[in-house]
Structure formats: structure tokens, C-alpha cells
Amino acid sequence: MSATIVLVHGGFVDGAGWKPVYEELRRDGFDVRVVQNATKSLADDSATTRQLIDGLEGPVVLVGHSYGGAVITEAGTHEKVAALVYVTAFAPDQGESVNTLIAGFPQDGPQPPILPPVDGYLFLDREKFHEAFAGDVPADEARFMADSQVPWGLEALGGNVSEAAWHAKPSWYLHVTEDRMIPPAAQASMAERIGATVVETSGSHAIYVSRPNVVADLIRSAAAAVS
């Protein structure tokens, strides 16, 4: 039985951004599902992801972008998950959070233009969104992404992983060399720590929008390895 692909979005965006990758994989005959997380807390988002997996048949390839990497690390312990795919994503260990990993990022490179929290939620500076998040996405599309941001909860950033799925599940990592949100050096360090099969590509943090074929190719590789 071929694996079902489950796509998990990151912070500031929702699952609709996965549409280009979804369409690539559907053309190949994959069953693909997209989780819509509220990004209020890691616990809630992991529970939502696990609930979707509960209803699926056969093995699952669980894919996370950015903060979605923390979600798949927590939810990926589900017995149906056969592989994890990190797309320029956070990969915390047990007891770690996204905040823990950000604290170790290099300080001499580009810094994400995250505004001060309001009522427990974060946004990116709309005027800096294109350059920081979606540098290789057309300007009008990047503007829409900036203007349709989803609030990112402080409890999502600060939520600690209870058990890291990558210790027991094979992992793949898309290392994106022009990312201005998660430094490439940090990506490389996380990918090495989890023992992932790494593919390197040029592109922005929004690689799943700008180069969906590259993202889909990595997911195909993971699916082929576990199907």
C-alpha cells in the first residue's frame, strides 16, 4: 500500500499554501491530506494532526514546514507514521521547543522581522514579509501572504516536545540555502542531529510555494522508501 501524505503548515500561514505541492503529489496518484492548525499551541496542533492521522488507512508520510516541524516531531510518534519530512523546519528534541532552537540561532545573519507579541500572538512585519519569508515568490502573491497572516501563538513557540518522533522514525530534510527565517546553518545542524537524509536546494522560506516540484520530489523519495 502506498503511503498517504499528510502536510503540516508552519506559523503565520495556513494549509492553503500547500496547494502547489498537493497538486504535484495528487498527479502522481498519492492520497494527500492537509492539516489546518490554529497555531495557538503545540499541544493543540499536535492533537489536531494526530486526529487526522487516526482516520487514515495504511502508512503515513508526515511532512512539516517551519514550525510544522515541531508539530510532526510531536505527532509523528503515531503508530501509522512511517516517515518524517522536514521542509526547512524546526526539529526539536524531547524537552525542547521552537524557542529553545531559536535561542541557538546565529546572531550575525538575517533576523526574522517578528513584531512584539499582542495578546499572546505574533505577526511578521507586513512590509518585510516578502524579503524575509518569501523572497522568490512573486510580489503580488507575497503581499497576499503578508496580508492574510495567521496569528502565531506564544504557546506554540514555547510548547515543549514530550517525545521526539525522529528518534524512532526515518527522516528527510530539505535544506534551503537562501532561507531568511531559519538560518541555513541551523537547518544543517538540526538535519545532522536527527540523522536525516538531506537534500539541499536554493530558495526562500516559502520553498513549498516557489518550488513545489523540489518539495514534492523529496516527499516522493520518503514515500518510496517506506511503501
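This is a predicted model: local features need pLDDT of at least 70, side-chain atom pairs count only at pLDDT 80 or more; totals for chains, interfaces and linings use all residues.
View 1. Look for Thr 39 in the loop between β2 and α2. Its backbone is worth a glance too, with a positive phi of about 50° even though Thr 39 isn't a glycine. For background, most residues other than glycine have a negative phi.

**View 2. Ser 41, in the loop between β2 (32-35) and α2.** With a relative accessible area of 7%, under the 20% cut-off, Ser 41 is buried. A polar atom of the Ser 41 side chain sits 3.0 Å from the backbone nitrogen of Asp 44. Setting aside neighbours within four places in sequence, Ser 41 is in contact with Tyr 67, Glu 155 and Ala 156.

**View 3. Helix α3 (residues 68-75), mostly covered.** Eight of the eight residues in α3 are buried. Running along the helix, these are Gly 68, Gly 69, Ala 70, Val 71, Ile 72, Thr 73, Glu 74 and Ala 75. What does the covering? For the buried residues of α3, the cover includes the strands β1 (4-8), β3 (60-65) and β4 (81-87), along with the helices α2 (42-54) and α4 (98-103).

**View 4. Asp 119, an exposed loop residue with a positive phi.** Asp 119 has a relative accessible area of 72%, which means it is exposed. Its spot is the loop between α4 and β5 (121-122). Asp 119 isn't a glycine either, yet its phi is positive, at about 55°.

How values were computed. Residues are numbered from 1 along each chain as its sequence is written. Side-chain values use heavy atoms; hydrogens and water are left out. Buried means under 20% relative accessible area, exposed over 50%, partly exposed in between (1.4 Å probe, protein chains only). Helices (H or I, at least four residues) and strands (E, at least two) are DSSP runs, numbered from the N terminus. Contact means heavy atoms within 4.5 Å. A polar contact is a pair of N or O atoms within 3.5 Å; within protein, one must be able to donate a hydrogen and the other to accept it, and residues adjacent in sequence count only if both atoms are side-chain atoms.
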